[in-house]
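Good morning, and thank you for coming.

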Amino acid sequence: MSTFEFHTTKSIIVERDAALNLAARVQAMHCKSVLIVTDSGVLGAQLLDRALANFELQQIAVSIFSEVLADPPESVIYAGIAAAKAANADCIIGFGGGSSMDVAKLIALLAGSDQSLAEVYGVNQAQGPRLPLILVPTTAGTGSEVTAIAIVTTGENEKKGVVSPILLPDIALLDARLTLGLPVAVTAATGIDAMVHAIESYTSKRLKNPISDALAKDALRLLSANIHTACEHPNNIQARENMLLGACLAGMAFANAPVGGVHALAYPVGARFHVPHGLSNSLMLGPVLRFNMSEAEALYAELAQVVYPAASGTSFRCATMLIEFLQNLPAELGIATRLRDVGISKRNIPALAEDAMKQSRLLINNPREIQLNDAIALYKEAL
């Protein structure tokens, strides 16, 4: 067996109504002033209400920072750090989707250390210390609660990552009741996002290992078997729990065996056109999978057995079954299927391709090398 390392969140709590016990978790960490990082949508949906009720009983001061945006720009990070310092926060809670959790990670890091945001971009540049951190996902998609990465939109059209084990939270709290009733479009896009994490982890050119493989397979099993039910019956708690756990397992997998070409080409779509991350991944998934077939056919065939346990035939046939399943999924779930559906035209492709080639951190993980001309062709195929 080859040598490998595996890292993940110290404590993962999977429990219905776990959000009701959030104050007790904070008290057990001996914290007295909490900043909850979220967005206006979560706040408006009153998802925090049940969690907030017990903080006063525990005599814990609570401040709420709800200025998180999708694909958060640096200005949001700076505002959140200022809010944490103004509240004398000794604990940060990220409560929401991937953007809220990513912002919470960076606030916990930068409000608790002397480093600046500019100093921590890249791999293992973050030194810490950081404030105690709890992450509570309200969508089943990003897996950010178990990943050592936070993504920031820098300037107008580029994304950068902060990658360091110090970003892993102290607690990831998975309460599926928080995901009940999510809009179909959000459920579909975030669910496909989680599938992309599982698939790209399983086929990663670097750092793929037996633990990440096992997690990726089980994640794909849970996600593929439950995404239609979660979309068609938004209040089905069992389907929601399976989706939330699947997204978490996929997050654990790709946090150790990193994602590749789908994400590299999706990031510019999100940064330039403000397309949600999950939908950006969904739009680029089919073209990149087909492009990778020459190098990843056998691995795709293995994953096909997870989605279709009775799948048989040649490796090519099984791999094609997987790609067709994923290619058809967005239309079946009623979300955009082409780049033109989100306002992208042929004239935008050269700039998108140039931006994608800057994602070297991701491109090196793809099973097949993607060069500039390949990126242009892949965007044209997705158009």
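Let me begin with a definition: two strands pair if DSSP finds at least two bridges between them. Strands (E, at least two residues) and helices (H or I, at least four) are DSSP runs, numbered from the N terminus. This is a predicted model, in which local features need pLDDT of at least 70 and side-chain atom pairs count only at pLDDT 80 or more, while totals for chains, interfaces and linings use all residues. Residues are numbered from 1 along each chain as its sequence is written, and side-chain values use heavy atoms, with hydrogens and water left out.

In β4, Gly94 is the bridge partner of Val37. Four bridges connect β2 (residues 33–37) with β4 (residues 91–96), and the two strands run parallel.

What is the order of the six strands in the open sheet? The order is β1-β9-β6-β4-β2-β3, with parallel pairing. Because β1 (11–14) and β3 (61–65) stand at the edges with a single partner strand each, one side of each has no neighbour in the sheet. On average, neighbouring strands of this sheet are turned by 20 degrees against each other, direction ignored.

Helix α4 (residues 74–86) packs on this sheet and touches β2, β3 and β4; contact here means heavy atoms within 4.5 Å. The direction of α4 makes about 165 degrees with that of β3. Axes are lines fitted to C-alpha atoms, for helices over the stretch in contact, and angles run from 0 to 180 degrees between N-to-C directions. Helix α9 (residues 237–254) also packs on the sheet, touching β1, β6 (133–137) and β9 (171–174), and its direction makes about 150 degrees with that of β9.

A further open sheet has three strands in the order β5-β8-β7, with mixed pairing. Within this sheet, β5 and β8 (residues 158–163) pair in the parallel sense over two bridges, and Gly122 stands opposite Val162 in β8.

I turn now to His263, which lies in helix α10 (residues 261–273). Is His263 buried or exposed? His263 counts as buried because its relative accessibility is 2%; buried means under 20% relative accessible area, exposed over 50%, and partly exposed in between (1.4 Å probe, protein chains only). Leaving aside neighbours within four places in sequence, the contacts of His263 include Asp193, His197, Glu200 and His277.

Finally, the chain as a whole: it has 15 helices and nine strands, and buried residues make up 57% of its 383 residues.
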